[in-house]
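Have a look at the model, then work through the exercises below.

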Amino acid sequence: MTSETSTVATALASPVPKPRPKAPVVTQVRYPRKGSVCGVNAIRGQRLKAISGRISGCGLKEPVQITEVAGVTLSTPAVVDCTTAKALHSWIEKGAKPTFGRLGGGIAQLDVAASYACRTRNNRPGAKISEHGRGHAIDISAVRLENGTRMTVLKGWNDPVQGRLLRKLHRAACGPFGTVLGPDSDVYHRDHFHFDTARYRSGSYCR
């Protein structure tokens, strides 16, 4: 068992304290409007100038560069459109945060593997333009907790403890995002989650 797995396992095995007669007062974090984008104060970043694609089908009319969402920092600024930024916000608030709760002090950071990039799907010659090329996608490769624990998709997916948490994250993204791909989808996604906001008549596509 790795040290990271041991840390998570220990935290999960810790006894749950008995509830107190009176529930503690929860202070809601208030984010200033300045420094926010997409009309959501909790999405921190800046607007960018329109991006022209180097190949047909790429480009982004109203890009934003986001650095933090709902108090969770991004390892590197992500360039996406507002629809994708809002979907990420929804997933963090309704999926990622509840998944970890207070485990390890709570979720602190997401490792971003990719955001906007003018390329074809999986960089294959002749393939359709990737949703990354339209600013509709973001790839997440790892999650960091406040206590320093880092869970990577590559190493943690099949781990008995971390894998359970990572699978919950994967499932929770199905809804906020139109496409959710992970290690079980294909070899191209063995080390990250791919989230994009493409929509289908049959609903979200999640693998």
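**Exercise 1.** Find the handedness of the link between Cys174 and Cys206, and say where in the chain the two residues sit.

*Solution.* Start with the angle about the S-S bond: in this predicted model it is 90°, and the link of Cys174 and Cys206 is right-handed. Next, locate the partners. Cys174 lies in the loop between α4 (162-173) and β10 (179-181), while Cys206 belongs to strand β12 (residues 205-206). They are 32 residues apart, so the pair links distant parts of the chain.

**Exercise 2.** Decide whether Cys174 is buried, partly exposed or exposed, and do likewise for Cys118.

*Solution.* Recall the cut-offs: buried means under 20% relative accessible area, and exposed means over 50%. Cys174 has 34% relative accessibility, so Cys174 counts as partly exposed. Cys118 has 10%, so Cys118 counts as buried.

**Exercise 3.** Describe the disulfide that joins Cys58 to Cys118.

*Solution.* First, take the distance: S to S is 2.3 Å. Then turn to the angle, which is 100° about the S-S bond and makes the link of Cys58 and Cys118 right-handed.

**Exercise 4.** What is the handedness of the link of Cys38 and Cys82, and what pattern do the disulfides of the chain follow?

*Solution.* The angle about the S-S bond is -85°, and this link of Cys38 and Cys82 is left-handed. Both Cys38 and Cys82 are buried. Now count the bonded cysteines along the chain: the pattern is 1-3, 2-4, 5-6. Well done!

Key: Residues numbered from 1 in each chain as written. Predicted model: local features only at pLDDT ≥ 70, side-chain atom pairs only at ≥ 80, totals over all residues. Heavy atoms only, no water. Disulfide = S-S within 2.5 Å. Buried < 20%, exposed > 50% of the residue type's maximum accessible area, 1.4 Å probe, protein only. Helix = DSSP H or I, 4+ residues; strand = E, 2+ residues; numbered from the N terminus.
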